[in-house]
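Dear colleague,

Please find the structure below, together with its sequence.

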Amino acid sequence: MATKIKQITDLAGTDGLLFSSWMTLHGLDSKQQHSYVKSGWLEHISRGVYKIAGNHPTLFTAVSCYNTQLDKQCIIGAQTALELRGLSHNVPMGTPLTFLFTNNTQRLPQWFVSYPWDRAIRYHTTSFLGSGLLGVDTIVIDGRQLLVSSPERAMLEWINQSDSTKSLMDVYYVFEMLTTLRPTLMQELLEKCTSTKVTRLFMYMADKSGHPWNRVLKPERIFFGKGRRMISPTGKYIRKYNITIPSELAEYE
């Protein structure tokens, strides 16, 4: 491999993405990059984005490169974060689904979302937990650093994007397993949360599960909003949290 491109891959690895701006910063300008494409060392993925010819970056590797080379904060969250931590009640069938989150100012480019990675993407831009990284951990997977939601944050992300009886039941099945959530972090996240759907449903599930950490939470410091929320168009009304939830969830024991 030619000297300059080897220096680049020594820094970034041969299995990931190579962003043009990052390569320029490390001594490989756009003219040289084009030359490496013509000579067969590099292949285009999108404008200003390359990979080593013949290699096939995984989605997790791509997310890591996107974050580290461009100083971004794309988070693996919700169900995927829980699965990576061994907190899942079933084995996904078919192509694995990955939940990715960014805030509204760091949207993933369309080419990234639509590229045929080894895992499917469900991408959300949201700020209901603020714009920071509260409750996000750095985890190494396949030798790459990734930003992954903690179980505390992942549950709130999952509740936020759940919109059916089945998905809420799936949330609660995992909720029952979460006996070791950290109440201090959970309290901080709930106080930052601006979604009344999320705070009400989370606290309802916390009461229902009876986990010891729930007794430490301080609901009086959490924003629940006003007015009735119809989580389900039909079901059971929960007076304490002023929500109507699916009967299946209310009657589950």
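**Surface and overall form**

The accessible surface of the chain is about 12,500 Å², and 50% of it belongs to carbon and sulfur atoms; accessible areas come from the Shrake-Rupley method with a 1.4 Å probe, and for residues only the protein chains shown count as cover. Please note that this is a predicted model: local features need pLDDT of at least 70, side-chain atom pairs count only at pLDDT 80 or more, and totals for chains, interfaces and linings use all residues. Residues are numbered from 1 along each chain as its sequence is written, and side-chain values use heavy atoms, with hydrogens and water left out.

The chain has 11 helices and 11 strands, where helices (H or I, at least four residues) and strands (E, at least two) are DSSP runs numbered from the N terminus. The C-alpha trace spans about 70 × 35 × 30 Å along its principal axes. Of the 253 residues, 48% are buried (buried means under 20% relative accessible area, exposed over 50%, partly exposed in between; 1.4 Å probe, protein chains only). Among contacts (heavy atoms within 4.5 Å) with a separation of 6 or more, 63% are between residues 24 or more positions apart.

**Helix α1**

In helix α1 (residues 3-12), the buried residues are I5, I8, T9 and A12. Viewed down the axis of α1, they fall within an arc of 95°, so they line one face of the helix; the arc is that of the directions from the helix axis to the C-beta atoms. T3, D10 and L11 are exposed on the other side of α1. Just after α1, G13 takes a positive phi of about 85°.

**Salt bridges**

The whole structure holds 9 salt bridges (a side-chain nitrogen of Lys or Arg within 4 Å of a carboxyl oxygen of Asp or Glu). One of them joins R85 and D137 at 2.8 Å, N to O. R85 lies in the loop between α5 (78-84) and β5 (97-102) and D137 in strand β7 (residues 136-141), so this pair ties together parts 52 residues apart in sequence. R85 is partly exposed at 28% relative accessibility, as is D137 at 29%.

A further salt bridge, between R153 and E157, has an N to O distance of 3.1 Å. Both residues lie in helix α7 (residues 151-161), 4 residues apart, about one turn of the helix. R153 is buried at 6% relative accessibility, and E157 is buried at 3%.

Kind regards
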